[in-house]
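We'll take a walk through it, starting with charged side chains, then sheets, then helices and a couple of loops.

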Amino acid sequence: MNNQLIFGPPGTGKTYTLIGLVSDALAKGVRPERIAFVSFTKKAVEEAVNRAGQQFGLNYKELPYFRTLHSIAFRGLGLQHQDVMAKSDWDFLADKLNMDFSGVTFVNPEEGMVIPPSGGTGTQYVQIITKARYSKIPLEKAFKEAGDYNLHFFMLEKIDENLRAYKKGMMKFDFTDMIDTYTQDIETPDLDLLIVDEAQDLTPLQWDMVSKMSANSAFTYYAGDDDQAVHRWAGVDLKLFLNASDNKRVLTQSYRMPKAVHRLSQRVVKRISYRQPKEFKPTDQEGHVRSVMSVYDLPLERGSWTVMALTNSYAKQIYIKIMEMGYMCNLKTRKSVSTDTANALASWRQLQAGGSITKSQTIAMYDAMPKRGTSASVKHGSKKLLDAVHEEDVLNYQNLSQNFGLIVPLEADAARALNLSGQEARYIEMLEARGEDILAPARIKVSTFHAMKGGEDDNCAVFLASTKRFSVDGDPDDLHRAFYVGLTRARKNLFLIESNRPYRYDV
C-alpha cells in the first residue's frame, strides 16, 4: 500500500507530523525536488515551507513542489501573469453582456482556490459556473443547488458560452482552467513523496489533479480533518477525502485544547452525521468555558484575543462594537488604525517634540497628509523634493517647512496635520487614554470561523448567532462543522457570546 490518510483533529500537530515525514525522506537521501507538499491554500503551504526552512535550511527555489495546486498548474503550463483573466477582461465582458462582474476576485496565480465572493449579479452567475466546474457537475444542477430565484438559467448559459468563447479567442485562463488543463495535458513530476495537506477541502476537479500526481509518486500522504471541512459550499465532496486510502491514522493528542474546551467541542462534533469517528486527548490544563450576554461583557482589558462569528456581516458588527469600547483590533487583516496612519502620527509627534525623522519616515508621513485645498498640510509635489535627500539623513520641522514643502503649523494637532475625521481622531484618543499602543500589533482579532481555520489564540470568543441559510436551508452538518472550528481555536479560555437573533446555535 503506497498511501496513507492522516486525520489531524484540532491542535494535534498535523503540520509537525507532515514535516516529520519530509525530514525522514531527506534523511534517507531523497532530493528536495522529488518531494511535493501541496494544498488548496497558500497558508498551509507557506507554513510547511517556513518549517522546512527552519529545520533544513531550504528555500522556495529548492522546494519547487511546495506549492498550492494552482501554483503548480500555473507553472506546469508555462503561463505568465498576462495569460490569466484580469480586471480588463471582465470589464470587456461586463460591457458586452451588460452585467456587473465587480465581485470577481483578481489575485496572484500562486494563491489557492478562488470562487468569486458576493458582488454584482454577473458575479453570482460566475460563482455558479465556477462551482459547477470544480464539482464536475452539469451547469443546470449547480444552478438548481444555488436556489437563487433572482437568477435565470438562460442568462447563466449565455454568460458561460461568452466566457468560454472569450477565453479561447484571447488565450486566457482562469483558475479553474489551470487545474483542468494541467490534469488533462501535462505530465506530472516523478516524486518519491507527495503530501496533500487540508485534503478535506479539495473539490472533485482538484482530486483529479492530486490523483494524477499521486500516480507518479512512490508514496502519498493525504492529511486533514473532515470535521473541519468548512468549504463544502465550493463543491467539496467529503467522500473523496474519507475514501482516499484504506490505510488510516488518527493523531490522538491535542497540544492546544484544554479539557473544558475539549468536552464542549466533543458535544458539538458528535452531532455531525457524516464523519470519521476520532478519539483524541486534550492537554493537561483544565481551561475555562464561560457564557456572556454580549461582546461588551468580554474581559478584553488584557491578553491576546480572537472573537469569531459565522458570517462576515456578524464579524463586522462585532468589530465595530469593540472599536466603540476603545480597543484596537483587527478584522481579518484590516487594522482599526491603519499602519500608515499610526506611523504618520508618530512621525508628526516626533517633529512636534523637536525631534527629527528619516527620509523614509518623511515620505510615509507626506503620503498620509492632505496636499490640496484649504486643509493641505504639505504642498502638492513636495515629495519629489526628497529625492535629493540621502537615506541616512534626518530632517526636523524647520528643515521640512523651509525646504521641502511642509506647510502645516507645528502646533497643529494630529487631526489637523493628517486631516483625520472627527470620528477617527476621537477613536485614537480613546485608545491612547486606555493605554493602547497604536503602533503595536492589535491584541484583539475579529474573524469568521472559516478565516480562523488553522489558527489559535489564548482567549477565544464565539458569537452563537446563526442564519436562516445555515440553520434552515442548509445541511446541518455544515453548521456543526463551522461552529466546531470556532470552538476549537482556544488555548486557554473560551467565551460563548449569547445571541437574541432569530437563529441561534445551541451548544
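A salt bridge here is a side-chain nitrogen of Lys or Arg within 4 Å of a carboxyl oxygen of Asp or Glu. Keep in mind that this is a predicted model, so to speak of a local feature needs pLDDT of at least 70, side-chain atom pairs count only at pLDDT 80 or more, and totals for chains, interfaces and linings use all residues. Residues are numbered from 1 along each chain as its sequence is written, and side-chain values use heavy atoms, with hydrogens and water left out.

Let's begin with the charges. Side chains of opposite charge can pair when their charged atoms come close. By the salt-bridge rule the count comes to 40. Helices (H or I, at least four residues) and strands (E, at least two) are DSSP runs, numbered from the N terminus. Glutamate 198 and lysine 14 are both buried; buried means under 20% relative accessible area, exposed means over 50%, and partly exposed is in between (1.4 Å probe, protein chains only).

Two further salt bridges are worth a click. Aspartate 177 and arginine 133 meet at 2.8 Å, N to O. They link distant parts of the chain too, with aspartate 177 in helix H8 (residues 175-185) and arginine 133 in helix H5 (residues 121-135), 44 residues apart. Both aspartate 177 and arginine 133 are buried. Arginine 443 and glutamate 436 also form a salt bridge, their closest N and O atoms being 3.3 Å apart. Arginine 443 counts as partly exposed because its relative accessibility is 23%, whereas glutamate 436, at 14%, counts as buried.

Now for the sheets. Two strands pair if DSSP finds at least two bridges between them. Six strands make an open sheet in the order E3-E2-E4-E5-E1-E6, and the pairing is parallel. Which strands stand at the edges? They are strand E3 (66-68) and strand E6 (248-250); each has a single partner strand, so one side of each is left without a neighbour in the sheet. From one strand to the next, the twist averages 20°. Angles run from 0 to 180 degrees between N-to-C directions, and axes are lines fitted to C-alpha atoms, for helices over the stretch in contact. Strand E1 (residues 3-7) is joined to strand E5 (residues 220-224) by five bridges, the two running parallel, and asparagine 3 has threonine 220 in E5 as its bridge partner.

Helices lie over these strands. H1 lies across E1, strand E2 (35-39), E3, E4, E5 and E6, and runs at about 170° to E4. Helix H3 (residues 69-76) lies across E2 and E3, at about 100° to E3.

Next, jump to strand E13 (residues 444-448), which is mostly covered, with four of its five residues buried. Strand E8 (residues 305-309) pairs with E13 in the parallel sense over five bridges, and alanine 309 stands opposite threonine 448. Strand E9 (residues 329-331) also runs parallel to E13, joined by three bridges; here asparagine 330 stands opposite lysine 445.

Back to H5, the helix that holds arginine 133. The axes of H5 and helix H7 (residues 153-170) come within 10 Å and cross at roughly 70°. That makes H5 roughly perpendicular to H7, a label for angles of 65 to 115 degrees. Arg133 is among the H5 residues in the contact, along with Tyr125, Ile128 and Ile129, and H7 brings residues including Met155, Leu156 and Asp160. Contact means heavy atoms within 4.5 Å.

Finally, two loop residues. Histidine 231 is in the loop between E5 and helix H10 (238-242) and counts as buried at 15% relative accessibility. Not counting residues up to four places away in sequence, histidine 231 touches Phe40, Asp201 and Val236. Valine 337 is in the loop between strand E10 (334-335) and helix H13 (339-352) and is buried, with a relative accessible area of 1%.

Definitions and conventions. Parallel < 35°, antiparallel > 145°, perpendicular 65-115°, else oblique.
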